[in-house]
Amino acid sequence: GSARAELGVDGGSFLIVYAGNQGSAQDLATLVRAVGSLDVGRPVDLVLVGWGVERESLEDLASSTAPGRVHFVDRLPPSGVRRIQNAADLCVVSLRDDPLFRITVPSKLQALLASGLPILGIVAGDAAQIIDGSGAGFVAKPGDADSVSDAIGRAAEMDPNALRALGERGHTFYASQM
């Protein structure tokens, strides 16, 4: 079956996927709040794959701010994560704005660029510059739910082929620069 069906996500929904640690450094609460406040004329679903110390508070936040739209999936082998990411319209890299993270390029960002998937980077500094410079997706301000929902809104309004082209640009950038 399709990854979307297994997740309980509507086929016509705009699907955002984050895979990885759910800790304070990732500040996923901002992403959950952004999804909760969105109104883009089509359903938007967020899938969080993985585990971390923030998991329970994220589940509570999701049920109060975005009921039924945030789906939690426990850790999966890489092939399982990849299947879910491949079903996504947008894949997320998220890091709290912190002086150290401004000079950090998460390995997850490189992996997403390599995979040719369109990226939503809720990041500052070097990682934001890479996403902007490569044309691989959208950058939103860490900790700013309005900025995140604005970026998701712009992505959701894009033609699916144009959105896929962003991912392809990311792949080309990765192949030539990294």
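The crossing of H2 and H8 is right-handed, where handedness means that the near helix is turned from the far one clockwise for right-handed, or anticlockwise by less than a right angle for left-handed. This is a predicted model, in which local features need pLDDT of at least 70 and side-chain atom pairs count only at pLDDT 80 or more, while totals for chains, interfaces and linings use all residues. Residues are numbered from 1 along each chain as its sequence is written, and side-chain values use heavy atoms, with hydrogens and water left out.

H2 covers residues 28–37 and H8 covers residues 145–157; helices here are DSSP runs of H or I with at least four residues, numbered from the N terminus. Their axes come within 8 Å and cross at roughly 60°. Axes are lines fitted to C-alpha atoms over the stretch in contact, and angles run from 0 to 180 degrees between N-to-C directions. That makes H2 oblique to H8, since under 35 degrees is roughly parallel, over 145 roughly antiparallel, 65 to 115 roughly perpendicular, and the rest oblique. From H2, the contact (heavy atoms within 4.5 Å) uses Thr30, Leu31, Arg33, Ala34, Val35 and Ser37, and from H8 it uses Ala145, Val148, Ser149 and Ile152. These residues divide into 6 nonpolar, 3 polar and 1 charged. Nonpolar means Ala, Val, Leu, Ile, Met, Phe, Trp, Tyr, Cys and Pro; charged means Asp, Glu, Lys and Arg; the others, Gly among them, are polar.

Next, H6 and H9. H6, residues 107–115, packs with H9 at about 110°, the axes 6 Å apart. That makes H6 roughly perpendicular to H9, and the crossing is left-handed. Gln110, Leu113 and Ala114 of H6 meet Gly170, His171, Phe173 and Tyr174 of H9. By class, that contact has 4 nonpolar, 3 polar and no charged residues.

H9 also takes part in the largest pocket, giving the most to its lining with 3 residues. On a 1 Å grid over the protein atoms alone, a pocket is an open set of points with protein on both sides within 12 Å along at least five of seven lines, a cavity is a set where a 1.4 Å probe fits but cannot get out, and lining residues have an atom within 4 Å of a point. The largest pocket holds about 170 Å³, a volume being the space filled by probe spheres set on the points, which are joined across faces, edges and corners. Its lining includes Asn86, Asp89, Pro118 and Arg164.

Finally, there is 1 cavity of 30 Å³ or more. The largest cavity has a volume of about 40 Å³, and among its lining residues are Arg96, Phe101 and Val123.

Note on methods
Helices (H or I, at least four residues) and strands (E, at least two) are DSSP runs, numbered from the N terminus.
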